[in-house]
Each structure stands twice: as structure tokens, then as C-alpha cells.
Amino acid sequence: FLPFILPILLQDQQNNPKGFRMNNQKVGILGGGQLGRMMVEAASRLNLEVIILDAPENAPAKQIEATQSHISGAFNDAAKIRELAGKVDVLTVEIEHVDAQVLADIENEGKVKVHPSASTVKVIQDKFVQKNHLRANGIPVAAYVETPNSNAVLEAGKQFGYPFMLKSKTLAYDGRGNYVVKSEADIKCAMETLSKTPLYAEKWAPFTKELAVMVVRRANGEVRSYPVVETIHKNSVCHLVIAPAQVSGEVLKKAQVIAENAIKTFTGAGIFGVEMFVMKDGEILLNEIAPRPHNSGHYTIEACDTSQYENHMRAILDMPLGSTAMKVPASIMVNILGTSDSMELCYRPCKEALLTDGATIHLYGKKECRAGRKMGHITIVGESMMQVQKRLKPILHAIEPEIE
Ligand code: ATP
Ligand code: MG
Ligand code: MG
């Protein structure tokens, strides 16, 4: 038997310099930030081949994958996306603000798979179109209205009352496309601030908590959801993720069902982040969906059987999905954000984490530190939420020494 099989094995070794791979399809990722970097980490354990498209030569995801020649160019540059498509079997995204039309064209040509599907990315990348899609599918969302001009914004104020949220339809992240309109007097400034993209208005959601659920979807429609987590934002940027969310079983169930139902309405494979608001009466509204790994799912690397990144790789390569269950009782993730003055300041909490049981540091390899920029994160796990909170305290103190 061995003399028969050995030449085949050796030939396979020659064809695959990396050795045995879990899947022979090459993956191309549009975007090379921290989400791409953590996808590469997961792919690397399975010996999967990944090529990155992003402008910087030293993008976080490129730094840790030296076996491939990456592409330098914008992830919304049609020619560059085509160049990437020419080198891989499956295209995926780590950011939704990509050229969805060229993805659709590539998908239609049939040679390269696109996951999640181009139409999914297209619907989600425009928050207004995304809201229309969700509402049409019976998913609960806050009231909203299109605001093509200042008159429409004024009308929105009359309809929703103040404050309400004026939102960019496209290219939004970390709250940068949002403006809280507190009175009629704010409208002019709000529209000037958000003048780069078309806008829509959303009724204010006086939530008691924000929740998030990661859902992974196979191309055949199978979905699996991760535990419901609570997200705490600071200046509209994710600060803490508490897993599992400390809310009633009823709210947990409702959030999970809404998240799964929402993801079932899309096509293609991959991981999705579903952000939600819990209202005073326990009602849940879906805020927005990300068609990619999400900040609220970083904790899955240390706290779940299979990380969001590995399950994304499994999903887009049509491999069996891994368990999404937590393997520890409790976990909290804290983001390391850049400060305006020095890199040193953002590493202070990391130094504290080195002294903390159950803490894992992730730094993204970003060369420049800017205020509010996501530089890394720390995940803490433990035997109980109380223990995790206790372990977190000195790390939080290193981030904000002024808060006791
Ligand atoms: P992300 O970085 O998550 O992509 P984003 O820029 O797309 O953020 P949103 O998720 O729309 O922005 O909003 C950011 C935050 O602003 C939300 O997490 C929530 O705290 C708050 N927010 C958004 N919409 C509303 C609303 N209608 N009412 C009250 N608060 C809101
Ligand atoms: Mg968003
Ligand atoms: Mg959001």
C-alpha cells in the first residue's frame, strides 16, 4: 500500500509547499486591517493560503503572512480586485466599503466564488438600503426616513421629535457617519458635518443596553449563532464586550432569534455581526449588521470552541462549521484605542495585562497611533463574571487612571 500511496503523497507535497491543507482553495481578502489579520491567524492554523488586497505594504494582515505575494491597492479599486480574483478561488471581505459591483461581475462570471455574496455586501454597505431590506423581512428596526435635503431633515424632526440620529447611508464606521440632532438649530451643522455622503434620519432609540450576536452562515443557508454579548461604547466606539450578556433568558432568546432570522434573509457564506438595542420594555431593535468578523466577536478567540475567524474561513470554503459555544464561563474584551500623543500610553493596559491571569493581548501592528484608532484588544476569561471583572479592574485603570 505504502509504495503505491507514497508517490502521490510526495507529489502533493511538491504541489503544496505548505504541506497538507484543510482546503486547497486559495482565499483573497479585500482589506488588510486587524480583522483580516485575525482571519489570517485562523487560516494559518489550517494551512490555508490567503492573499491580501490593501493599500499599505505593511497592512496588519500582510505582516503575518509571508508565504504569499500580496497586492497593494485600494479594496474599492475594480482593477485591483480583478487582479486579486485572478490569483484565488474565493473572495471575501474584512470591510464592507468595497466595490460591490465588481464583486457582482466576478460572481456572475462563475470562476471565482464571492462570500458573502456581492448582493449581500451591496445591501449591507448602504445602511438605508439595509434598513429597507430588514423592514421588508419583518425584522424590528427603529423608525427611519430618507432625508435627501434639509427640508426632509426638518420633517424628520417633526415626525420623530428630538433628539434623533442623522446617519450617513454609506462609508460609516465608529460612529463617524452619525450626528445627534438635538434641536432644529443643529440641522445645518449636522448636514455640513455629514456632507460627504447621502443621509437618512433615524428615530432616537433610548436603549437600556446594546447587545450583539455573531452569526455564521454556510452557503446552503445553515446558520449558527454565538452567545449574545453586551457591548459598551465610549464616544460611539466599542469599548467593552461582556460575554455572555448579563440579561434575562427571555431577552437572550429574543436577541438570538432576531439575529439568526436577519442573517437567514441574506445569501452567501460567512460570519456576520448583528448589533441590537434592548429597550426598557425588553423589546429589541436591530441597529445594523456587519457582513464580516466584528469587534464584538473578538472574545470568541479565547472564549469559544471555534473563533469567529475560523468559522468564517470554514463557512466561505464550505467546510463543516465549528461549535459556537463558550468554553469558559465568562469573558470581557476591552479595546486598546490610540491616544493623540503617544504609543506608550496605549501599551500601558497591555503591560498590566501581562500581570493578569486569564488575559490575552492582541496588538494589530499598526505603525501610527491616532486618537480613537483601534490599536489592539485584550480578552480576559475566568471562572465567573465576578472574577473576570476583578481581573479587568487594573487594566481599565491603566486606560483611564482618573476613573476609580
Ligand atoms: P460601527 O463602528 O459599529 O460600524 P457605525 O458608525 O456604523 O458604527 P452605528 O452602529 O449606526 O454607527 O451607531 C454607533 C452607535 O451610536 C451605536 O452603537 C449606538 O450606541 C448609537 N446609536 C446608533 N443609532 C442610534 C439610535 N437610533 N438611537 C440611539 N443611539 C443610536
Ligand atoms: Mg457600522
Ligand atoms: Mg455599529
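This is a predicted model: local features need pLDDT of at least 70, side-chain atom pairs count only at pLDDT 80 or more; totals for chains, interfaces and linings use all residues.
Residues are numbered from 1 along each chain as its sequence is written, and chains are lettered from A and ligands numbered from 1 in the order in which they are written.

Strands pair if DSSP finds at least two bridges between them. Five strands with parallel pairing make up an open sheet, in the order β3-β2-β1-β4-β5. Its edges are β3 (71-72) and β5 (113-114); each has a single partner strand, so one side of each is left without a neighbour in the sheet. Within this sheet, β1 (residues 27-30) and β4 (residues 90-93) run parallel and are joined by four bridges. Val27 has Val90 of β4 as its bridge partner.

Another open sheet has four strands in the order β6-β9-β7-β8, and here the pairing is antiparallel. β6 (144-146) and β8 (178-181) are at the edges with a single partner strand each, so each has one side without a neighbour in the sheet. From one strand to the next, the twist averages 25°. Three bridges connect β6 with β9 (residues 199-203), and the two run antiparallel. Opposite Val145 stands Ala201 in β9.

The helix pair consists of α13 (residues 343-354) and α14 (residues 385-399), whose axes come within 8 Å and cross at roughly 160°. Axes are lines fitted to C-alpha atoms, for helices over the stretch in contact, and angles run from 0 to 180 degrees between N-to-C directions. α13 and α14 are therefore roughly antiparallel to each other, a term for angles over 145 degrees. Arg348, Pro349, Glu352 and Ala353 of α13 make the contact with Pro394, Ile395, Ala398 and Ile399 of α14, where contact means C-beta atoms, placed from the backbone, within 7 Å. These residues comprise six nonpolar, no polar and two charged. Ala, Val, Leu, Ile, Met, Phe, Trp, Tyr, Cys and Pro count as nonpolar, Asp, Glu, Lys and Arg as charged, and the others, Gly among them, as polar.

Around ligand 1 there are 18 residues, of which Met165, Ala172, Gly175, Glu202 and Ala205 come nearest; a residue is near if its C-beta atom, placed from the backbone, lies within 6 Å. By class, this shell has six nonpolar, six polar and six charged residues.

Key. Angles under 35 degrees count as roughly parallel, over 145 as roughly antiparallel, 65 to 115 as roughly perpendicular and the rest as oblique. Two residues are in contact if their C-beta atoms, placed from the backbone, lie within 7 Å.
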